[in-house]
Amino acid sequence: MIRKTLVSAALFASAAAASAAVVDTTAAWNGSDALQPFGSPNTSTYGQVVKASGSQLDSFSFIVDLPDTLQFKAYAYAWDGVKATGPALFTSGVTSDNGSGFNSVAFSTGGAAVTNGQDYVLFLSISELYAANNGAGMGVFASVDAASYADGDFYWFNDGGNFAALTSQNWEKWFPGDFAFTATFTDGADNRVPEPGLLALLGIGALGLAASKRRKAA
């Protein structure tokens with residue numbers, strides 16, 4: 001009976017893990033291609049459009065080379081084809097890149113709810129920290145060619161310190177291509193509540209374990 005309980009739990013864990021979908025263009029990066037400059041007084045915002053392949057966005061990352069003095073925040077918004085739209089699905093705290101050279105900056109969203117098949121934009125921006133970044137130096141985003149990811153493109157916006165412009169004005173697309181980035185989507189329902197069949201297996205295992213204990217006690 002203990003074995004049945006363990007097997008049913010393993011089935012549940014396997015189903016949850018199988019629901020994850022990871023977009024990852026980093027392997028296509030050649031180690032040198034990049035877009036710049038990111039910072040004040042130049043481009044305040046760089047973003048990647050991505051199509052959701054699950055019901056929640058769990059995390060995302062970019063490969064960047066940013067000066068330690070440059071402060072920024074990461075965001076996730078819905079995308080209407082030309083600009084960010086609606087309220088923020090995720091906003092990070094104030095962040096800086098403490099690495100040396102190109103490295104990955106990663107963000108856990110806590111499971112931001114998204115709609116499968118819809119477009120979203122994941123971006124880094126200094127816009128809300130524009131004044132504080134004067135003289136902080138320029139940053140660089142690693143980029144890959146368009147063939148690396150068919151469902152999105154990279155965008156940028158010289159919005160200065162006007163963060164509201166990101167949801168009211170069209171962003172710029174430099175040319176077809178993508179950033180070296182990752183995005184992890186999962187089926188939130190699988191991660192939080194087992195499917196009915198798995199619940200039944202777990203229940204059977206638990207009842208069997210209880211019965212086994214009663215027989216031993218008798």
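Biologist: How many aromatic pairs does a search of the whole structure find, and is the pair of Phe60 and Phe107 stacked, edge-to-face or tilted?

Modeller: The whole structure holds 21 aromatic pairs. For Phe60 and Phe107, the ring centres are 5.6 Å apart and the planes stand at 35 degrees. Stacked needs under 30 degrees and edge-to-face over 60, so this pair is tilted.

Biologist: Which strands does the pair of Phe60 and Phe107 link?

Modeller: Both Phe60 and Phe107 are buried. They are 47 residues apart and belong to distant parts of the chain. Phe60 is in strand E4 and Phe107 is in strand E8, residues 103–113.

Biologist: Is Ser61 buried or exposed?

Modeller: Ser61 is placed in strand E4, residues 56–65. Its relative accessibility is 8%, and buried means under 20%, so Ser61 is buried.

Biologist: With which side chain does the side chain of Ser61 make a polar contact?

Modeller: Beyond four places in sequence, Ser61 is in contact with residues including Ser104, Val105 and Phe181. The polar contact of its side chain, at 2.5 Å, is with the side chain of Thr182.

Biologist: Over residues 190–202, what is the pLDDT?

Modeller: The chain has a mean pLDDT of 84, with 78% of its residues at 70 or more. Residues 190–202 have 23 contacts in the model beyond near neighbours in sequence. Low pLDDT means that predicted coordinates should not be read in detail. Over residues 190–202 the pLDDT is below 50.

Key:
Residues are numbered from 1 along each chain as its sequence is written. This is a predicted model: local features need pLDDT of at least 70, side-chain atom pairs count only at pLDDT 80 or more; totals for chains, interfaces and linings use all residues. Side-chain values use heavy atoms; hydrogens and water are left out. Helices (H or I, at least four residues) and strands (E, at least two) are DSSP runs, numbered from the N terminus. Buried means under 20% relative accessible area, exposed over 50%, partly exposed in between (1.4 Å probe, protein chains only). A polar contact is a pair of N or O atoms within 3.5 Å; within protein, one must be able to donate a hydrogen and the other to accept it, and residues adjacent in sequence count only if both atoms are side-chain atoms. Contact means heavy atoms within 4.5 Å. Rings of Phe, Tyr and Trp (its six-membered ring) pair if their centres lie within 6.5 Å; planes under 30 degrees apart count as stacked, over 60 as edge-to-face and the rest as tilted. pLDDT is the predictor's confidence in each residue, from 0 to 100.
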